[in-house]
Amino acid sequence: MRNLEHPDKFVNRHIGPRDYQLEEMAKTCGVNSVDELIDETIPANIRLNKKLSLASAVTEHSFIKNLQKIASKNKVFKSYIGMGYHPANLPSVIQRNILENPGWYTQYTPYQAEIAQGRLEALLIFQTVISDLTAMDIANASLLDEGTSAAEAMLMFHALRPKDKKEAHVFFVSEECYPQTIGVLKSRAISQGIELKISDFKTEKLTDDIFGVLVQYPSGNGEIKDYSEFFKVAGEKRIFKVIAADLLSLTLLKPPGEFGADAVVGSSQRFGVPMGFGGPHAAFFATKEIFRRYIPGRIIGISVDNEGNQAYRMALQTREQHIRREKATSNICTAQALLAIIAGMYAVYHGPDGLKDIANRISTFTRMLDASLNDFGFKQLNKNFFDTLLIEDTNERIDAIKIEALKREINLRYIGNNRIGISINETTGGEDIKELVELFAVVSNNKVPDDHLQKLFIKARTEYPDFLSRTSDFLTHETFNSYQSETEMLRFLKKLENRDLSLAHSMTPLGSCTMKLNGTSEMLGISWPQFSDIHPFAPADQTKGYQQIINELEFDLAEITGLPAVSLQPNSGAQGEFTGLMVIREYHHSKGEKDRNVVLIPSSAHGTNPASAVMAGMKVVVVKCDEQGNIDVYDLKNKAEQFKDNLSTLMVTYPSTHGVFEEKIIEMCEIIHQNGGQVYMDGANMNAQVGLTNPALIGADVCHLNLHKTFAIPHGGGGPGMGPICAAGHLAPFLPTHYFVKVGGDKGIASVSSAPWGSANVLIISYAYIKLMGPEGLTKATKTAIVNANYILNRLQKYYKVLYTGLNDRVAHELIFDMREFKQSVQIDVEDIAKRLIDYGFHAPTVSFPVLGTLMVEPTESESKEEIDRFCDTLISIRNEIKEIEEGEEDPIDNLLKNAPHTLKVLTANEWNHKYSREKAAYPLPFTKEKKFWAAVGRIDSAYGDRNLVCSCVPVSDYEEETLVNR
C-alpha cells in the first residue's frame, strides 16, 4: 500500500540543509555519511541504544487542529481574582507588529548594539515608563516576575548593609504582600542566611537586626496604606525600604519615590500583556541613582557612536553576573525583553492621558461596585482603594456568592472562609459591573432598580486624600505624546524594527545560544484567548487544556533527559540552575548533611554557574581545564577528595562550553558520587544531546533545560525564556512547591517563581516543537546541528585557528575560533572582526566567551547550507582583509575592520577620507548587493556612555548640550 501520510513534514521545514546536502557536508568532513560523523563525535559509552519513546510527529495542520481541541478544554471565565494578574487589552497594532512579528521576537540579547538600536530604544522607553511612574532615578530593562524582583531587592540591600549593620539579617515583609511573592522571598532568603519576619507593618517595631522592609502598594487585599510614617522610622534606623507597587495605580496615586522608597518593584503585566496562566510578564526594578552599580539585570543607556551620533547600548555591563561570576550579587541572565517592549509600547500608544483615563475608569467602576455593595448591606472593608474590594461575610453567604459567581462564569478571590476579594481591570465594562451588581443582589435578596447604575456612577468619584494623590507629571517626553494614532504608531514600530538584525534577515551564529527557527505554527497558540486569558490561580477544572500540555511536556522532557522528575516552574536558565542547586541542598539536608556546601565548577563554565551557586549559599571551588579545554580530571579528583566531607555538587555543562564531548564525563560523575556529591548538568548545550545521549546516561542527577534554546522558544531580544529542571527519582521529593497550587514534592523547596508553572504560556511553543518534530525529527535535528558545526570547522580551519576539538578532532554543535593572533600581528582584535561582520549582514558569533579574544560559533540545525556557506565566505573574506593589513596593502589604523560597521549615512556623505573604497566598505561580497542590512549607527563608545550615564528618555536638546560639555 502506498504511504497515505501527508508528504509535508515539519521536520523538513525546521531543518535547513536537504538530506543530500547533509551527506555532502559529511563528506567534506572526511567521512562517508552523517551517521559516521556522529559516531566519530560522540563517545560510544554515552550513546543511547534506543529511540526516544515519544509520540510520532504530526503535520502542522493536524497539530493546530489538535491544539484547538486542547484549548477548548480551558474555560475562560471573567477574572476578578487580581493578586498582580489582571485581564488587559493588548492593542492590535502591538500584537500584530511586535508579539507576532519575527522581526521582533527572533532577536537576541542586544550585545551587538549597532544592529540592535530598535529594541534598545524600546527598552529605554520601558525604563522611562518605570522610572517616571515610580518617581525613582533609574530602572532596569525588566526582570522575570514580581516575586523575583522583590527577592532581588532583598538580596541587593542585604549586600549593601552599612558596616555597623553587618549583623542585621532580618528582612521585614508586610503580611499584606502577595503570597506568591513571599514564597519566592523564602526560597531566596534561606540560602543567604536571611530571616524573613512577616507581620503587620502598623504594629511592627523596627529593631536593629532589620536591614530592609517590603510593603505592597496598594496592599495585597486592596487597601491603599499610608507608609510615610513607617518609612520615616525605617529611614532613621538606616533600614532600606522596598515597595511592591501596582504600576497602573501610580498614574493616580502618590508615587513611592515621593515618600521615601529606596527601591520599587512589581509587574508591568497589566500594560497590555495577557495573563497567560502566569506569564511571561516583564517585572520591573527601580531604585536610586546611588545604587546604579548594584542593580540586578540589564540597564539600557545612551551613548554616542564614532561619528558623535546618539546611540543606545547596554550600560554598566561589568556589574553583570556573567562577568562577576562568584562575586555576583545576582544570577539574573535572561530578562523579559519582549514583554517589556510590549508594556513600554502600550504606554507610548495610550500616552500619559490615556493611561490616566484607563486608571480612572477602573477606579470609577470599583467605586460603583462598592456603593452597590453598601446599598445591599454587604460589609466592604477597604476604605481607600484603587481597583480591589474586600468583602467580609458569613461562611454561608460566601458559599452562596461562589455558587452564583460560577453560574455566571465569574472568578473571584476567596480568602479563607469568610472573605472575598474583587479586582476590577481594564477589560471590565459597564455590563460587567451590572452583572456583578446583579450577582450580589441575588445573594442578598435585593432588586436592582433600572436606574441603579446611573445612580452608582453619580456617587463614584475618584478622589483620594491628599497624602495619597499624585500631583507630579509623568511621561512628558515627546515619545509618549506623539503616536496615539495607529498610523503613527505603526510607522514608529516599523522604524524601530528596521534598525534591528534578527533571524528574519540572516543566521545568528551565537555560540551557547542556539538561535534556531521559531516556527510559525509553534507560535500560534500563545495569543489564542483560551490560553492567553487564563489567570494562574484559576480553579483547576477551568485549566484542563493547560494541564494536558503541562503533563505531556513533562513526560516528553523526562524521556528526552532520562530523568523522571520534572519542574516547569523556573522561568529562565539561571533560575533553573538556582532551583537545581536548591533541590540538591535540600536533599543533603534531609540526610543530615548540612555541611555539604561546596560546588565544584570548571573554569570554562558560563558565569551564571558560579553566580547561581553563590545565590544558593554554596562555596565555589574552581576546577582547572587542560590545554585541550577539557576538565582536568586529576584536579577534579583531588578537589572532590579534598572537600569530600563538604562536597555538594559538580556543575558541568555537556557538551562542554568549549564545544566538545568530553570522553571522561562518566568517570567525572562517578568521582563526585563516590565523594558524596551530586551532579548538576547545565543544559545550555542540550541541542547536541537530544536523541543521541542524555543527562542520565552521563551520570547527572539533575539538569536544567533552556526551552528558549533547544526547544524553540524565541529569545525575544533578551527574554522570555524558560529553565525547567529534570531530576532523578531521589530528588523528586524536593522539587519546588507553590502557595496556591499543589506542585513539586512533599518536602519541596519554596517556590522559585511567582506562578506555579513559571511562564506557562510559552510552554505551548516547546510543546508544539516536540509534537511537530517527533522522535525521529528531534534526533535528526541534533545530528544536523553537529554536522553543520563540523562543516564550518572544515571550511574555515585553513583560515582561523580552531581552539578546541574533541574525539577524532571533531566538535559538537559549536566551535571556538581563536582571533588573538591578529591582535598580536596587526592590532586587529576580536571586536573589530565582530563589527565587520555587520557590514556583511551577519550578527557576530559569541565574542570573548568562554575564552577572551575568541569567537564561538553555533549554526544550529535550522540554517541552510547556502546560508552557512555565505557565513563561511564572509569569514574567509574578512581573513583576506586582515591579510591585506598584514602585507601592508591596507592601513593598520584606517581600515575596513577598525572603522566597521559602515553606516549608510557615512557611505553617502560628500566627504570620504578613507584609503579604501566606499564599495569595498559597503558591498564586500556579491551577495551583499542583493541583500544588505545597514547598521543604524557606527561603532558605539561604551565607555563614554558609562561615564555619562543616561538611562531614560531625555529631550535631544538636553543630550546634545551634555555631549558638548563632556566630550
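**Reading the contacts, helices and cavities**

User: What makes the contact of Arg 313 with Asp 946 a salt bridge?

Analyst: In this predicted model, the closest N and O atoms of Arg 313 and Asp 946 are 2.4 Å apart. The cut-off for a side-chain nitrogen of Arg and a carboxyl oxygen of Asp is within 4 Å, so the pair at 2.4 Å counts as a salt bridge. The structure holds 56 salt bridges.

User: What makes Arg 397 and Asp 393 a salt bridge?

Analyst: Their side chains meet at 2.9 Å, N to O, and the limit is 4 Å, so the pair qualifies. Asp 393 is buried at 16% relative accessible area, whereas Arg 397 is partly exposed at 24%. Elsewhere, a network of salt bridges links Glu 404, Lys 407, Arg 408 and Glu 438.

User: How do you know that the span of helix α28 agrees with its number of residues?

Analyst: Helix α28 (residues 865-886) has 22 residues, which should span 32 Å at 1.5 Å a residue; its end C-alpha atoms are 31 Å apart, so the two values agree. After α28 comes Gly 888, with a positive phi near 80 degrees.

User: Why is α28 called largely enclosed?

Analyst: Of its 22 residues, 16 are buried, so α28 is largely enclosed by the rest of the structure.

User: How far apart are Glu 867 and Arg 870 in helix α28?

Analyst: They are three residues apart, which separates them by about one helical turn. An α-helix has 3.6 residues a turn, so residues three or four places apart point the same way. Glu 867 and Arg 870 form a salt bridge, with their closest N and O atoms 2.7 Å apart. Glu 867 counts as buried at 5% relative accessibility, while Arg 870 counts as partly exposed at 26%.

User: What joins the side chains of Gln 575 and Arg 188?

Analyst: A polar contact of 3.0 Å joins them; the limit for such a contact is 3.5 Å. Gln 575 sits in helix α20 (residues 573-590) and counts as buried at 1% relative accessibility.

User: Why do β10 and β27 stand at the edges of their sheet?

Analyst: This open sheet of three strands has the order β10-β9-β27, with antiparallel pairing. β10 and β27 (940-941) each have a single partner strand, so one side of each is left without a neighbour in the sheet.

User: What makes β9 and β10 a pair?

Analyst: Pairing takes at least two bridges, and six bridges join strand β9 (residues 299-305) to β10, so the two antiparallel strands count as paired. Ile 302 stands opposite Tyr 312 in β10.

User: How many cavities of 30 Å³ or more are there?

Analyst: The count comes to eleven, and about 200 Å³ of space lies in the largest cavity. Of the 20 residues that line the largest cavity, Leu 99, Pro 280, Leu 339, Ile 526 and Asn 761 are the closest to its centre. Helix α12 (residues 337-375) gives the most to that lining, with three residues.

Conventions
Residues are numbered from 1 along each chain as its sequence is written. This is a predicted model: local features need pLDDT of at least 70, side-chain atom pairs count only at pLDDT 80 or more; totals for chains, interfaces and linings use all residues. Side-chain values use heavy atoms; hydrogens and water are left out. Helices (H or I, at least four residues) and strands (E, at least two) are DSSP runs, numbered from the N terminus. The expected span of a helix is 1.5 Å times one less than its number of residues. Buried means under 20% relative accessible area, exposed over 50%, partly exposed in between (1.4 Å probe, protein chains only). A polar contact is a pair of N or O atoms within 3.5 Å; within protein, one must be able to donate a hydrogen and the other to accept it, and residues adjacent in sequence count only if both atoms are side-chain atoms. On a 1 Å grid over the protein atoms alone, a cavity is a set of points where a 1.4 Å probe fits but cannot get out, and a pocket is an open set with protein on both sides within 12 Å along at least five of seven lines; lining residues have an atom within 4 Å of a point. Grid points are joined across faces, edges and corners, and a volume is the space filled by probe spheres set on the points.
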